[in-house]
Amino acid sequence: MTDKNRYPVELSRNVEDFKFFLTVRVHYADTDAQQVVYYGAYSNFYEAARQEYWRRMGIKLQEVHQKGNYLSIVEFVNRYYVPAFYDDVLDIYVRTPEIRNRSFDLDYLAVRRRDSLPVAVARTVFVFVNHEDWKATPIPDWFRTAVEQFEE
């Protein structure tokens with residue numbers, strides 16, 4: 001199986017493709033015994049970056065919940081290129097490359113600040129769900145508009 005078949009979507013390693021980033025420092029708790037960032041820690045970095053990304057647009061998860069919806073991650077893909085280590089500073093870039101009727105993608109790029117190397121790229125696919133029956137629901141206009149205006 002070729003790389004292209006396993007990873008049908010090419011995720012950007014170009015910071016110019018992104019309008020937002022959050023800077024994080026790698027803490028000791030983010031690392032394994034070799035002081036390399038543990039693979040699961042990246043999901044926490046991405047979570048922090050996407051919360052600030054949405055906050056920059058004026059989107060708060062509390063509002064999503066108050067309006068009767070949740071955002072559920074239905075897919076998470078992460079590819080690693082070089083290791084990050086304890087006390088490294090990483091810039092975590094976020095963008096929304098596509099919004100569909102009931103779901104949307106978020107792309108992430110983690111860049112090691114000391115040498116500007118891409119450490120990892122990732123994609124999460126989110127679905128809006130109704131909190132009463134957990135069924136997919138159309139993305140609200142207010143959410144779509146905020147994202148599209150920011151990403152223009």
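User: In which helix is the place of Arg144?
Analyst: The structure shown is a predicted model. Within this model, the place of Arg144 is in helix α4.

User: Which side chain of opposite charge is nearest to Arg144, and how far away is it?
Analyst: Arg144 is buried, yet it has no salt bridge. A salt bridge requires a side-chain nitrogen of Lys or Arg within 4 Å of a carboxyl oxygen of Asp or Glu. The nearest side chain of opposite charge to Arg144 is at 4.1 Å, and it belongs to Glu148.

User: Which residues is Arg144 in contact with, leaving aside its neighbours within four places in sequence?
Analyst: Contact here means heavy atoms within 4.5 Å. With those neighbours left aside, the residues in contact with Arg144 are Ile99, Arg100, Asn101 and Ile139.

User: Are helices α2 and α4 roughly parallel or roughly perpendicular?
Analyst: The axes of helix α2 (residues 41-57) and helix α4 (residues 141-151) come within 9 Å and cross at roughly 95°. Angles of 65 to 115 degrees count as roughly perpendicular. Therefore the orientation of α2 to α4 is roughly perpendicular.

User: How many nonpolar, polar and charged residues has the contact of α2 with α4?
Analyst: Helix α2 contributes Tyr53, Trp54, Arg56 and Met57, while helix α4 contributes Phe143, Ala146, Val147, Phe150 and Glu151. By class, this contact has 7 nonpolar, no polar and 2 charged residues.

User: Is Ser103 buried or exposed?
Analyst: Ser103 lies in strand β4, which spans residues 103-112. Beyond residues up to four places away in sequence, Ser103 touches Val125, Phe126, Val127 and Ile139. Because its relative accessible area is 14%, Ser103 is buried.

Notes
Residues are numbered from 1 along each chain as its sequence is written. This is a predicted model: local features need pLDDT of at least 70, side-chain atom pairs count only at pLDDT 80 or more; totals for chains, interfaces and linings use all residues. Side-chain values use heavy atoms; hydrogens and water are left out. Helices (H or I, at least four residues) and strands (E, at least two) are DSSP runs, numbered from the N terminus. Buried means under 20% relative accessible area, exposed over 50%, partly exposed in between (1.4 Å probe, protein chains only). Axes are lines fitted to C-alpha atoms, for helices over the stretch in contact, and angles run from 0 to 180 degrees between N-to-C directions. Angles under 35 degrees count as roughly parallel, over 145 as roughly antiparallel, 65 to 115 as roughly perpendicular and the rest as oblique. Ala, Val, Leu, Ile, Met, Phe, Trp, Tyr, Cys and Pro count as nonpolar, Asp, Glu, Lys and Arg as charged, and the others, Gly among them, as polar. Lys and Arg count as positive and Asp and Glu as negative; His and the chain ends are not counted.
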